[in-house]
Amino acid sequence: AAVVKKLTARNAMAVNGLMRGVLAMALPLFGWLGLLTPGAPLAFAALAFASIANGWLLSSVLTTEGIFVKRLAGKHIGTINGLAWINFLMIQAVLGAIIKVGGMVEGWDLMVPYYISAAVHALFVVPVIWMTIPNTKADDAGAMPKFTGAGIANGFASFMKKYWKEALVASAGIAGFLLSGSTIPAALGIIYWVVKTPNFKLLWQNKTARAALMLSGLAAVLYYPLQGFVFPLMAESLAGKAGKIDMLGQMLGALFFGQLISTVAQTKMPRLRLALLGRFGAERIIQAVTLALLGAWFYATMFPGSLGLAALGVAVAAVVGWLAGKVSDTGWLKFAGIGLGTIGLTAMFWGNLPVMFLSIFAFGMVYGPNTVALGTIFYRNIPQGKSEEYIGIQGSIFNAAITLGFGLVTLIASFFEPRIPGLLWPMTALSVAIGLRAASASSQS
């Protein structure tokens, strides 16, 4: 975070983009070196290294972008935060639910997606960042320090002298991960290190920022394993291996479009004036695009070839979106327990696809606005001059929470045979518990 503060927005984001392109080539490189050959003694270590490196980079990206969103958005932080989440969801919906890139990639050579990722970052992402992101930095950033071998060595020695206990615990956690294959010890080691830092202790004294940080972390423990681990298990259980990709696309479509409908409804933008249309809020354009994408998804996936049913689905979604726009940020937090708990309908009505898709859609509708609301509350409660420190802590806790979530859900799943639908019950309990905690926090604020 301290280095990011001294970089311009453009340069920091461009560096992250380049690093993502480089790390995308890690697995192809390991393949060329023979490290990924079945039975190779270093196969797991190579994969673990790539995962840790990408996790570190994800934390860097989230921290960097969070710092500059906070710095550049000013009083419009709520709108910008919402638009950033909408952008993420639209990419996921288009590529995952409508185009179904996952199904396309399944028939390719294993390394081709990594080549594409590296090329896209080098030839598209970084140039776009360079041309569009302001080349500005914080007023109090100061000059970029000069890095020398002696300076780096002295800095590292000073750092380890201060945090040797935390480094030892984190190293033990990573060793536990390498030995057991579970991410739980690694996540706990990282969390232990983070909570021992002065910046975390300072943040912890800020009641509102603390609540937003903890709730965002708990939500990450739930959401990402649900999307990346539980849904694929559900899809294979319902449709078999042959139909898994299509079923997963339907589930993810329900999840993403549920979030889009409610999040877009919450977003307010400046008014525009166009010929024939008059004056209207710019958010109407995003709402129209969302409904158009939803219609395409309905037509291509949920109701193949039926324009009537697709149009009816879009009409219902438009009404639901209008109603969602009437709910405040605090209102979404208050109803989080009920809303997130709707995922339990997938277990109660296992095999009833319409009810299951509606359940996932409702879960997404509540999760999306709550995510944006918690992020906005956190940003607005960062003290002057502490953006880098607070957002650095937020990124570390968020990524550790994802890691912890996958470890916990994998562990819980091992107690069920078959894993689905039994695993859905503890996921429902976790959803309700997190939702009720969010509701409690909103009533106290």
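Start by selecting asparagine 399, which lies in helix α18. Helices here are DSSP runs of H or I with at least four residues, strands are E runs of at least two, and both are numbered from the N terminus. This is a predicted model, in which local features need pLDDT of at least 70 and side-chain atom pairs count only at pLDDT 80 or more, while totals for chains, interfaces and linings use all residues. Residues are numbered from 1 along each chain as its sequence is written, and side-chain values use heavy atoms, with hydrogens and water left out.

Asparagine 399 is buried at 11% relative accessibility. Buried means under 20% relative accessible area, exposed over 50%, and partly exposed in between (1.4 Å probe, protein chains only). Now show the contacts of asparagine 399: Gly55, Leu58, Ser59 and Leu62, not counting residues up to four places away in sequence. Contact means heavy atoms within 4.5 Å.

Next, the aromatic rings. The structure holds twelve aromatic pairs. Rings of Phe, Tyr and Trp (its six-membered ring) pair if their centres lie within 6.5 Å; planes under 30 degrees apart are stacked, over 60 edge-to-face, the rest tilted. Select tyrosine 224 and phenylalanine 398: this pair is edge-to-face, with 5.7 Å between centres and 90° between planes. It links distant parts of the chain, 174 residues apart: tyrosine 224 sits in helix α11 (residues 207–266), phenylalanine 398 in helix α18 (residues 387–413). Tyrosine 224 is buried at 18%, whereas phenylalanine 398 is partly exposed at 22%.

Keep Phe363 displayed. Threonine 342 contacts Phe363, along with Ser359 and Ala362, leaving aside neighbours within four places in sequence. Threonine 342 is in the loop between α15 (336–341) and α16 (345–348). Its relative accessible area is 18%, so threonine 342 counts as buried.

Now move to tryptophan 204. Arginine 210 lies over its face, 5.1 Å from the ring centre. The criterion: NZ of Lys or CZ of Arg within 6 Å of the ring centre and within 35 degrees of the ring normal.

Last stop, the surface. Select Ile91, Leu95, Ile99, Met104, Trp108, Ile116, Val120, Phe124, Val128, Trp130 and Met131, which make a nonpolar patch of about 1000 Å². The elements giving two or more residues to the patch are α5 (77–98) and α7 (112–132). Helix α7 supplies the largest share, six residues. Finish on valine 120 in α7, partly exposed at 37% relative accessibility.

Key:
Patches are made of residues with over 30% relative accessible area and no salt bridge: like charges are joined within 9 Å, nonpolar side chains (Val, Leu, Ile, Met, Phe, Trp, Tyr) within 5 Å. Accessible areas come from the Shrake-Rupley method with a 1.4 Å probe; for residues, only the protein chains shown count as cover. A salt bridge is a side-chain nitrogen of Lys or Arg within 4 Å of a carboxyl oxygen of Asp or Glu.
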